[in-house]
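Subject: Structure handover

Hello,

Here is the structure you asked to take over. Please open it alongside this message, and read the notes below with the model on screen.

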Amino acid sequence: MPGLIEDYAIIGDLQTAALVGRDGSIDWLCLPRFDSAACFAALLGDEENGHWRIAPRGGDVCTRRAYRGDTLVLETFWETPEGTVRVTDFMPVRDRAPDVVRIVEGIAGTVEMRSSLRLRFDYGNVTPWVRRADGHRIAVAGPDSVWLRSEPRLPMEGKAFRTHADFTVRRGERVAFVLTWHPSHERRPRRIDPYEALRHTLEDWTGWAEQCRYDGPWREPVLRSLITLKALTFRPSGGIVAAATTSLPEEIGGVRNWDYRFCWLRDATLTLNALLCGGYLDEAGAWRDWLLRAIAGDPADLQIMYGIAGERRLTEFEVPWLKGYEGSAPVRVGNAAVEQLQLDVYGEVLDSLFLARERGLPQEEHAWRIQRALMDFLEGHWREPDEGLWEVRGPRRHFVHSKVMSWVAADRVVRTVEAHPRLEGDADRWRAMREAVHAEVCREGYDAERGTFTQYYGSTELDAATLLIPKVGFLPPDDPRVVGTVDAVRRELDHGGFVRRYTQDGVDGVPGGEGAFLACSFWMADALHLTGRREEARALFERLLSVRNDVGLLAEEWDPVAERQLGNFPQAFSHVGLVNTALALHGPDAAG
């Protein structure tokens, strides 16, 4: 059985990632990319769906674990009556082929160990043919080939469609395992030296972390969040996946299980700000460039999400042979929400490109033409209903957040031409649109009796996305309508001291409930800070930090009743929220 979601740590090579449990088992790994089929899928099923465990024989969960310094190299320790052992797990930044390296080292005494490997390609469905050759175990099935070796060479046995090795380590002894994937029709990739790979991996991550400009009171969680965002980056394209997993549930046993191994436009501005303020201009520029490539084309075809290289076709299907995390079925691959109309993404894109220009990122000549084309489309469609930020699978509505982001789109292009008069654009027409959107939202999206903005026109439901109204500049923080909205959301969407996304009344068209949404809880801390309640903002932020797991990672949601994380993991949106709230609470000086 897989562990709790928070029992996992992430390792990765900037093209894919693996989840390693506290019991020493890798229960999730997609090769060769984040969005490829998993060869270890025990996370969403059981051991027969693929996993690789290295641990003391008869041992259970580890005694302790941590990343080594400011890196993505994981160290897991077991202290047994016979001795102490450390397993170091990492994925070196790849040359041509992805490698998973696991180094077992005796720290004290003598410890009997076992490596147990079950490879199951195609999300745990395909058992490969395994053979021996040249000191390796070679597993092949269709397009996939995996080579496993150890240094020094250990006897490995195949039994019941798994490969295991029993061995003993004493103090000072080391055994390294290297697992390498490559297309089965190609020649075997060059072998790597596991110890040289470890040295280079530590140097690479340490050097990257030293660029961090944040110098506030929460440096450790901020830097760990930035490292996590880097780990979720597909290096060849600059795209950042929302999470490393699919179908980790928002409700245990429920159906709210979605594939998050894609890049969402809704995350664009907040992610860009976190990277820029953190001092990572190269990553910010790569994310901006990914965005420009992904959205290029007819503005009417703008999607809410894209594949990691900008792919548009993300067809959703179910994987019936996986029973789901703790029985939470179905397991889904792909995401049907890609077909939705979400008008807020036009504002997110234009806000991101505005921020990139203002922060001095080098400008692409065609970027402004794309922005003007997006505005031409939005001018003719902002009055339409849509599915909204939260990807409801019910009827379209006039969501307040979507309209606010339409205002943001108009505001940012107006401010751009005002600051850069050489750029072409009809500022007067865009100002008129900005005023029209603002008036309509304040008229149709505000409940004067309750003193709060609502989720959509004519509704009584609330939406945590309205907390962003002062952050994007739609209204000033001291406006009574803003203060009233913050108070109403805090009161009515509270869930054990955290914040739900919206009222759980079936508006999203999906049965079941969910936990508190961590990004929304960070938005509440921001809103409290903006409205002058700084001690309350800080207290909420500290509460949010307390629900990180032992290696500093956050999923999408938190269940305050069961006190456990929910949803896909680790979640970029949650870690972006952490970084931006830390920056907001400590002021701009914290970012250097």
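Pro152 sits in the loop between strand E12 (144-151) and strand E13 (157-159). A cis peptide bond links Glu151 to Pro152, with omega about -5°. Please keep in mind that this is a predicted model. For background, most peptide bonds are trans, and most residues other than glycine have a negative phi.

Two residues have a backbone angle worth looking up.

- Leu14 is not a glycine, but its phi is positive, near 70°. Leu14 lies in the loop between strand E1 (9-12) and strand E2 (17-20). Its relative accessibility is 5%, so Leu14 counts as buried.
- Glu563 has a positive phi as well, near 55°, and is likewise a residue other than glycine. Its place is the loop between strand E27 (557-559) and strand E28 (564-566). Glu563 is exposed, because its relative accessible area is 57%.

Gly50 is located in the loop between strand E4 (38-40) and strand E5 (51-56). Is Gly50 buried or exposed? Its relative accessibility is 0%, so Gly50 counts as buried. Leaving out residues up to four places away in sequence, Gly50 touches Asp27, Cys39, Phe40, Ala41, Ala42, Arg118 and Arg120. The C-alpha atom of Gly50 is separated by 36 Å from that of Asp289, and the two residues are 239 residues apart along the chain.

Thr466 is in the loop between strand E23 (452-453) and helix H10 (480-492). With a relative accessible area of 4%, Thr466 is buried. If its neighbours within four places in sequence are set aside, Thr466 is in contact with Val400, Phe453, Thr454, Thr485 and Val489.

Now the nonpolar cores.

The largest nonpolar core has 200 residues, and Ile10, Trp52 and Trp523 touch the most other members. Helix H8 (residues 400-419) gives the most to this core, namely 10 residues. Which residues does Trp523 touch, not counting those up to four places away in sequence? They are Leu270, Leu389, Trp390, Ala464, Ala465, Leu467, Leu468 and Phe573. There is also a second, separate core of 10 residues, and Val73, Phe90, Ala197 and Leu202 are among them.

The last topic is how some of the helices pack.

Helix H7 (residues 367-381) and H8 have axes that come within 11 Å and cross at roughly 140°. H7 and H8 are therefore oblique to each other, and their crossing is left-handed. On the H7 side the contact involves Trp368, Met375 and Leu378, which meet Ser406, Ala409, Ala410, Val413, Thr416 and Val417 in H8. By class, the residues of this contact are 7 nonpolar, 2 polar and no charged.

Helix H11 (residues 518-530) packs against H12 at an angle of about 160°, with the axes 7 Å apart. H11 and H12 are therefore roughly antiparallel to each other. Their crossing is left-handed. H11 contributes Leu518, Ser521, Phe522, Met524, Ala525, Leu528 and His529 to the contact, and H12 contributes Arg534, Glu536, Ala537, Leu540, Phe541 and Leu544. Sorted by class, the contact of H11 with H12 has 9 nonpolar, 2 polar and 2 charged residues.

H12 (residues 534-546) also meets helix H13 (residues 572-586): the two axes come within 11 Å and cross at roughly 150°. H12 passes H13 in a left-handed crossing. In this contact Ala537, Arg538, Phe541 and Leu545 of H12 meet Leu578, Thr581, Ala582 and Leu585 of H13. The contact of H12 with H13 is made up of 6 nonpolar, 1 polar and 1 charged residues.

Regards

Conventions. Residues are numbered from 1 along each chain as its sequence is written. This is a predicted model: local features need pLDDT of at least 70, side-chain atom pairs count only at pLDDT 80 or more; totals for chains, interfaces and linings use all residues. Side-chain values use heavy atoms; hydrogens and water are left out. Axes are lines fitted to C-alpha atoms, for helices over the stretch in contact, and angles run from 0 to 180 degrees between N-to-C directions. Helices (H or I, at least four residues) and strands (E, at least two) are DSSP runs, numbered from the N terminus. A crossing is left-handed if the near helix is turned anticlockwise from the far one by less than a right angle, and right-handed if clockwise. Contact means heavy atoms within 4.5 Å. Ala, Val, Leu, Ile, Met, Phe, Trp, Tyr, Cys and Pro count as nonpolar, Asp, Glu, Lys and Arg as charged, and the others, Gly among them, as polar. Angles under 35 degrees count as roughly parallel, over 145 as roughly antiparallel, 65 to 115 as roughly perpendicular and the rest as oblique. A nonpolar core is a set of buried Ala, Val, Leu, Ile, Met, Phe, Trp, Tyr and Cys residues joined through side-chain atoms within 4.5 Å. Buried means under 20% relative accessible area, exposed over 50%, partly exposed in between (1.4 Å probe, protein chains only).
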